[in-house]
Amino acid sequence: MDELMIASVLASTLRVSTPLLFCAMAGLLSERSGVVDIGLEGKMLFAAFAAAAATAATHSTALGLLAAIAVACVLSLLHGFACVSHQGDQVVSGVAINMVAAGLTVVLGTAWFAQGGHTPTIDDSLRLSGLWPQFSEPVAGHWAASVLGHGLLSHNALVYLAFALVGGVSFFLSRTRPGLRLRAVGENPAMVDAAGVSVLRLRYMALLGNGLLCGLAGAYLTLAQNASFTPNMSAGRGFIALAALIFGKWKPLPALWACLLFGFLDAVSIRLQGVSLPGVGEVPVQLIQALPYALTVLLLAGFVGQALAPKALGQPYVKER
Amino acid sequence: MTASSSGTNSPAVRLRRISKRFGAVQANREVSFDVAAGSVHGIVGENGAGKSTLMSILYGYYHADAGEIEVMGQPARIANAQQAMALGLGMVHQHFMLVDSLSALDNVMLGAEPGFFLTRAKQRVRERLEALMQQTGLHVRLDAEVGSLPVGEMQRLEILKTLYRGARILILDEPTAVLTPQETEQLFGTLRGLKAQGCTILLITHKLKEVMALCDAVTVMRAGQVVQTTPIAETSEAALAEAMVGRKVSLGRTGAEHKTDAAAAPLLEARGLRLRNRLGVPALAGVDLRLLPGEIVGVAGVSGNGQSELLEVLAGMRAPDQGRLSLGGREFEAGAWLDPALARALRLAHVPEDRHLHGMVLNFPAWESAVLGYQDLDVYRAAPLGLGLKQGLMREQTAGMMERFDVRPRQPELRSSKFSGGNQQKLIMARELAQAPRVLLVGQPTRGVDIGAIEFIHAQLRGLRDAGCAVLLVSSELDEILALADRVLVMNAGHVTGELPIAECTETRLGLLMAAQGRAQEQEGHPA
Amino acid sequence: MSQPLALPRWMDLGLLPAWNLLVAIAVSGLVVLAIGASPAQVFWALLQGALGSGRGLGYTLYYATTFIFSGLAVAVAIHAGLFNIGGEGQASLGGLGAALVSLWLGHSLPAVLMLPLAVLAAALFGMAWAVVPGYLQAWRGSHVVITTIMFNFLAASLNSYLLVNWLRPAGSMSVESAEFADSARMPALHQLMQSWGFEDWPSSPLNLSLLLALLACVAVYWFLWKSSAGYALRAVGANPQAAHYAGIRPRWQILLAMGLSGALAGLVGVNEISGVQGKLTLDFVAGAGFTGIAVSLMGRNHPLGIVLASLLFGVLYQGGVEVSFDVPGFSRDMVVTVQGLIVLFAGAMAMVSAPAFARLYAWTQERRHG
């Protein structure tokens, strides 16, 4: 294994983990407040479309970002309206959001840009690029420049933001007043209600945070990773993020490691194609693709420790009085 | 009568003619009494007596339909819990309002955090709490995760929460329901300490011994009304028990005195039943029981003393931690217990206490609820391969049941939820009796049932007894037990404290047994 | 205690769902407007495309067949109190099962033996894929929603692996298996009709699986409401405590429910693989598992409602294809959008309008009696 390979894999891992991180943190906020979020996939997809469409139309990256966040927030609030205000089934709502996003993004894209659902390619100047361009390629023979430089420092702002946000979410939950209340409302909403704090307001606040983060995830897909929107480009990443969240037992730091692990698997899966591992033979790419899901099932089955969800997760809160 | 406390003029709480109705049920009717400042005031009554509703009104969860409240001499309109807290009221609920995964400190702080960033806020809260703990003697490990705390400490935490918010009038709802005797003693010490510091305490309970030990005055409630308010010095456990179970329409004994053949082989025999509930508190503390053919055995006692668990264990719905059971010629031990299907196969029928939770499926039509538990009987098997159900037969039989038991409306297709409580109960009874059981377990058969249905149900139970069946009747209505039973067992705190033939039962004697401690043999001086 | 809604049964089962559907259609119409097309034109073209020709009708019924299977799958699980989102994966496995058996035995067996075997294999494979999440839910407490979602992805990986590495004929570039023998192909309706003398019967993918689907409806109806196992299953879904009181064992009912659900979803493979493709392909399920959720929700989890809802979605799918030829901007994705809107309004937001309807009902009752 040479430094080029390590640097390359490291850089890929961080890049691939970024949307996972945003979504996992989004899901964390929602689920810690007691609202199941199956709709991460759909929100990310729709946000990606919004970012691409807005940037292509207005030639402004900032507007693209804002559009992505706005759209994801609207979907989150819709989820809240159906489930928090009206006790609708949270899973069904998430499934509905995924379906609507999958369809509507292509419908609108085709109608507005007439490219079969794709958005026009966004000019490089409008996309987010690495903060330190000198590290954009690994350097043969230089370990530091390759691994540290290309591996860690070659990324765009959103990547660093994602990792910083893990710390931010963690700090928010454990060291701030609304964070404490949010944690409580996902475990025992009756207690929070009895203490005089509005359960509805807390959950909507969590959903807004969820929307913001899903928006960033989507924006990353079309403004940083790729240069345009393609139909169904989220490709199940929202579900991998959900798996990472559960694998991380609904805590920010373990979820971070889970996202990195799943990102690593993804980054490595292409490279392992055709490669024979000692003793095992050729590892099928499908196996590596399936690993995040299989691991999550094993966790849920209780074989890899216990996954204790927030106690009130999925139960609509109805005032008993 | 109000108890006067030295040094204070206005009572801490004055309730005047509080009334509250929920639909057809009058939960509180013209409730009036005073709570002297700086006293411990007990409020006792059976399940459904209205005590919890009353306290919920005082704490702002409900609004009374009529009546006035005065707190510390001032008229008060309490619209929500916040306003109650502002007036100095604090409530410790029966089901703790705590978040298990947070620390004790976090739980106290929630809702009243002094600041956005918690690190500094926590410090301030900690300081205040430590001072409070010193002052009151209530010690709680502030950094421990609440889920890991013993129940007694959790309760101290709940009390601390109210004191932190400045409560001077504490309402405790059945605080000792989940405590061991030792923890109960500790709680009493705490409460006495708080009283010494000038707090007023309202204690909702149905445990009379505690009332006598702790309270200065007690209000007895029954069926939404106040029966009496007396200073402790002027009453006793037995007197309170009598007042609590009180007198309703007296359904006297009918027919000739029934003689049970004491030499016959028992239809059901249970020995040494022990069961701890989820919180580790003993629900059954060594219960022995035998049912002979052709008798009704009544289980009297204030509910919550193990009667529900006894029924569930005997019906096979729960396995005890220890004990043995003989039923229908078979023996069962704690590790390999009975299950409901087998119980039915052994001709044991069960009319559950909670008909909505266990007795029927509300969404099913009446005819489907009428076969609940018996759906696998051979008589109902239809083609193909016995996998189908003879629905025509089931519907017919349901119609027959409805006819015999006068269940209205006579519509087997109607959804179970649409029937009134009394008709639902009659249908369940019809179902269980239709299989001609040899043993019938029945819990609270006439709860929420109208008068005409009560007489009918009682007649059915007597008829069953006359036909040689053994009936175990658990009821919180002492009148019902006195009207039906041939033999009465009294339960208290998981023990059978006494057993009397009906001829020797008086309300006073039974009341004493309901308040007694320990097993029957222990009281008479026999070794345990 | 929250007051129960005073909604009469006909409102609850008829008016409210119809209203929710109407709202979903109205919002869809808005989307159509937003993309610059005329809702009325689209609506008309949709109906024409789906029902206006023999060929269109054939396609509509073929789609409906798949949706009946996946809708029944969701419904059976819901009656046991479980939300089975794994229809995609279970259908995928069903197709795999049918394909494996067909490839292995197709050339040695006549159709009259081969086809039932394929059906059985499809059902068993789908059942196996659902029974694992069911077991995990019942015995380990793992939430069936999450595990079935994961199993959907696992199924996709499994299918891909088997197709690429084992089932693809040597030298072939396309990711599909070898073709089945004729005896392993579900006869298409137009073939049958033509062989009986109706030369002009329009060709379409509609095949005998439709009959199987209708039989499945009858079977599911009988099972749920006329059999003792179905009684036990519904009791567990409606009130697990009462079921326990009745001597029913909830764990086994959960297993049974998921197993049947998976088997039904697996039958999608019969329609798509044995009926239409004649070989195993990569993404033949194409979202039918999720449509099944919409179908079951709209059909109130009852076989009759499911048939009607499946027809509706069949019209939507087939009509959608035709509309996409006539109306620029309209495509299969519009159908997916409408489907999502239906799940949203008839599923997640089903109860949003309920209080308004209850108030309206109370008001009309007052007017009548007051």
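This briefing covers confidence, chain folds, selected elements and chain contacts in a predicted model. The model scores ipTM 0.88 and pTM 0.85. Chain A has twelve helices and two strands, while chain B comes to 18 helices and 22 strands. Chain A makes contacts with chain B and with chain C.

**Confidence**

- The ipTM of the model is 0.88 and its pTM is 0.85.
- For chain C, the average pLDDT is 88, and 98% of the residues in this chain score at least 70.

**Chain A: overall fold**

- Along the sequence, the elements of chain A come in the order α-α-α-α-α-α-α-α-α-α-α-β-β-α.
- A compact globule of 321 residues would have a radius of gyration near 20 Å, and chain A has 20 Å, so the two values agree.
- Taken along the principal axes, the C-alpha atoms of chain A fill a box of roughly 70 × 50 × 35 Å.
- Buried residues make up 56% of the 321 residues of chain A.
- Of the contacts in chain A between residues at least 6 apart in sequence, 77% join residues at least 24 apart.

**Chain B: overall fold**

- The secondary structure of chain B consists of 18 helices and 22 strands.
- The box filled by the C-alpha atoms of chain B is roughly 75 × 55 × 50 Å along the principal axes.
- Of the 528 residues in chain B, 48% count as buried.
- Among contacts in chain B with a separation of 6 or more, 68% are between residues 24 or more positions apart.

**Chain B: strand β3**

- Strand β3(B) covers residues 40–44, and five of the five are buried, so the strand is largely enclosed by the rest of the structure.
- B:Val40, B:Gly42 and B:Val44 point one way from β3(B), whereas B:His41 and B:Ile43 point the other way; residues on both faces are buried.
- β3(B) runs parallel to strand β8(B), residues 200–205, and five bridges join them. Within this pairing, B:Ile43 is opposite B:Ile204.
- β3(B) also runs parallel to strand β9(B), residues 217–222, with four bridges. Here B:Gly42 has B:Val218 as its bridge partner.

**Chain B: strand β13**

- Strand β13(B), residues 295–300, is mostly covered, with six of its six residues buried.
- From β13(B), B:Glu295, B:Val297 and B:Val299 point one way, and B:Ile296, B:Gly298 and B:Ala300 point the other way. The buried residues of this strand include the charged B:Glu295.
- Five bridges connect β13(B) in parallel to strand β20(B), residues 470–474. B:Val299 stands opposite B:Val474 in that strand.
- Four bridges pair β13(B) in the parallel sense with strand β21(B), residues 487–492. The partner of B:Gly298 in β21(B) is B:Val488.

**Chain C: helix α3**

- Helix α3(C) has 26 residues, 54–79, which should span 38 Å at 1.5 Å a residue. Its end C-alpha atoms are 36 Å apart, which agrees.
- Of the 26 residues of α3(C), 22 are buried, so the helix is largely enclosed by the rest of the structure.
- C:Gly81 follows α3(C) and has a positive phi, near 85°.

**Contact between chains A and B**

- This contact takes 17 residues from chain A and 19 residues from chain B.
- On the chain A side, α7(A) (177–187) and α8(A) (189–194) each supply at least two residues.
- α7(A) gives the largest share of that side, six residues.
- By class, the chain A side that touches chain B has eight nonpolar, three polar and six charged residues.

**Contact between chains A and C**

- Chain A gives 38 residues to this contact and chain C gives 41 residues.
- The elements of chain A that give two or more residues are α3 (61–85), α4 (90–113), α10 (237–247) and α12 (285–300).
- α4(A) gives the most to this side of chain A, with 15 residues.
- The chain A side that touches chain C divides into 25 nonpolar, eleven polar and two charged residues.

Terms used:
Residues are numbered from 1 along each chain as its sequence is written. Chains are lettered from A and ligands numbered from 1 in the order in which they are written. This is a predicted model: local features need pLDDT of at least 70, side-chain atom pairs count only at pLDDT 80 or more; totals for chains, interfaces and linings use all residues. pLDDT is the predictor's confidence in each residue, from 0 to 100. The expected span of a helix is 1.5 Å times one less than its number of residues. A residue is buried if 20 or more other C-beta atoms lie within 10 Å of its own, exposed if 12 or fewer, and partly exposed in between; C-beta atoms are placed from the backbone. Two strands pair if DSSP finds at least two bridges between them. Two residues are in contact if their C-beta atoms, placed from the backbone, lie within 7 Å. The radius of gyration is taken over C-alpha atoms; the globule rule is 2.2 Å times the number of residues to the power 0.38.
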